[in-house]
Amino acid sequence: MTDFFPETLFLDRDGVVNVRIVDGYVTRVEDFVFLPGVLEAMRLLRPRFKRIIIVSNQQGIGKGLFTMEQLHKVHSHMQAELGTQGTPVDGIYVCPHLANEHCSCRKPNIGLALQAKKDFPEIDLNSSIMVGDSVSDMHFALNANMIPVSVGPDDAQRDMLASEHYHDLLDFAAMVNELFTES
């Protein structure tokens, strides 16, 4: 347990907030399905964090499989659903580039975190948490000096990089108060 409570929570989207489409992409509102327990997790997390930010690689845009406009519709739907329970996220940042473009915004690079910090200068990356379900998410957290937390099925390589591992976002939300104390 640490003697501070992080003010900003970064979340990966696919596999953390919504069901990941294996070998595919969430391209339409109809494809977006919250993972079990996520809405309850957000009810627990929203009052604990000053900022909740989603960061997501979306190379399907770069592949021409869907457009930024379609992605905005998906995110508007997600925000509306979260908003109905008073738990909208503060920002959503995406990298639309292909992995082979080696851009600065594609996780594990920290461009998405820097974009969030530009929009919300009070964010202290050194005392932020990143919850993700991939090795790339853990490297993103470490590269940005955030606390890496993994969720999802066991993955030795990913979990070795994480400070903590949980079954899902709800399990993390239930334990977050025990991990940190307010100073």
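Helices (H or I, at least four residues) and strands (E, at least two) are DSSP runs, numbered from the N terminus. Welcome to a predicted model, in which local features need pLDDT of at least 70, side-chain atom pairs count only at pLDDT 80 or more, and totals for chains, interfaces and linings use all residues. Residues are numbered from 1 along each chain as its sequence is written, and side-chain values use heavy atoms, with hydrogens and water left out.

**View A. His 102 sits in the loop between strand 3 and helix 4.** Its phi is positive, near 50°, although His 102 is not a glycine. His 102 is exposed, at 68% relative accessible area (exposed means over 50%, buried under 20%, partly exposed in between; 1.4 Å probe, protein chains only).

**View B. Lys 107 and Pro 108 are joined by a cis peptide bond.** Omega is near 20° here. Look for Pro 108 in the loop between strand 3 (91-95) and helix 4 (111-119).

**View C. Gln 58 lies in the loop between strand 2 (51-57) and helix 2 (59-62).** Gln 58 counts as buried because its relative accessibility is 0%. Beyond its neighbours within four places in sequence, Gln 58 is in contact (heavy atoms within 4.5 Å) with residues including Arg 13, Phe 66 and Cys 95.

**View D. Helix 7 (residues 169-179) has the buried residues Leu 169, Phe 172, Ala 173, Val 176 and Leu 179.** They cover an arc of only 120° around the axis, so they are on the same side of helix 7; the arc is that of the directions from the helix axis to the C-beta atoms. Among the elements that these buried residues pack against are strand 1 (8-11) and helix 1 (38-45).
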